[in-house]
Amino acid sequence: LHIPNWVAYQLTDQETLGEVPRTGGFEPDPQASGVVISANDYKNSGYDRGHMAPAGDMKWSYIAMKESFYLSNVCPQNHALNSGDWRILEEKIRDLARKFGAIYIACGPIVSADYQTIGYNKIAVPDKFFKVLLKEKDGTYESIGFVFDNDAGHKPLSAYAMAVDSVEKLTNIDFFSFLPDSFCTWESTYSLSSWSIK
């Protein structure tokens, strides 16, 4: 489909203090195999080249910043979503990392069976995007998930929130699989107040 299945990373409080400027252009991932897509596949498509792991989370490293612009970290994303509620959640996650010390994040596209494509190389256009978050303090874990339609809209983040179990059912992805299932009872619930989500 020429888009990532998922992207996962940790964001720490110290990393949010980085001052590396947003630099670099979108380019193919040198480690990606198969058809080489290019930024031109997005040209005049009506879609943004939407970061999954945002450049704003990579200000701690010139290399991380540059690699965030690899097309393996990008999906066709509605401009209003990319610059609106998706961006608002990205900013909120940086606040959460500063508050809790570290946040684990997994995000990516949800593609329907009858997906549309853009560009010469037929890049799949996702119907939705997901983001799941995990925090840990003193051995206690909490998680929350979000699912956004790939279209315009402006709603409070609480309108997109759900349990991580619900996101797993939509994506067929087992998030935080390094933790035993018997331990992950927190994936079935979420607390908006614990995450300071409104």
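This is a predicted model: local features need pLDDT of at least 70, side-chain atom pairs count only at pLDDT 80 or more; totals for chains, interfaces and linings use all residues.

Now step back into the helix. α3 has 16 residues and spans 22 Å from its first C-alpha to its last, close to the 22 Å expected at 1.5 Å a residue. Its buried residues are Asp85, Trp86, Leu89, Glu90, Lys92, Ile93, Arg94, Leu96 and Ala97.

Let's stay with one of them, Trp86. With a relative accessibility of 0%, Trp86 falls under the 20% limit and therefore counts as buried.

What about ring-to-ring contacts? Across the whole structure, a search finds 7 aromatic pairs. In the pair of Trp86 and Phe148, the ring centres are 5.5 Å apart and the planes meet at 80 degrees; angles over 60 count as edge-to-face, so this pair is edge-to-face. The two partners come from distant parts of the chain, 62 residues apart: Trp86 belongs to helix α3 (residues 85–100), while Phe148 belongs to strand β8 (residues 140–149). Phe148 is buried too, its relative accessible area being 0%. Together with Phe129 and Tyr160, Trp86 and Phe148 form one aromatic cluster.

Finally, look for the lysines. Lys131 lies over the face of Trp86, at 4.3 Å from the ring centre. Lys135 lies over the face of Phe100, also at 4.3 Å from the ring centre.

Methods. Residues are numbered from 1 along each chain as its sequence is written. Side-chain values use heavy atoms; hydrogens and water are left out. Rings of Phe, Tyr and Trp (its six-membered ring) pair if their centres lie within 6.5 Å; planes under 30 degrees apart count as stacked, over 60 as edge-to-face and the rest as tilted. Helices (H or I, at least four residues) and strands (E, at least two) are DSSP runs, numbered from the N terminus. Buried means under 20% relative accessible area, exposed over 50%, partly exposed in between (1.4 Å probe, protein chains only). A charge sits over a ring if NZ of Lys or CZ of Arg is within 6 Å of the ring centre and within 35 degrees of the ring normal. The expected span of a helix is 1.5 Å times one less than its number of residues.
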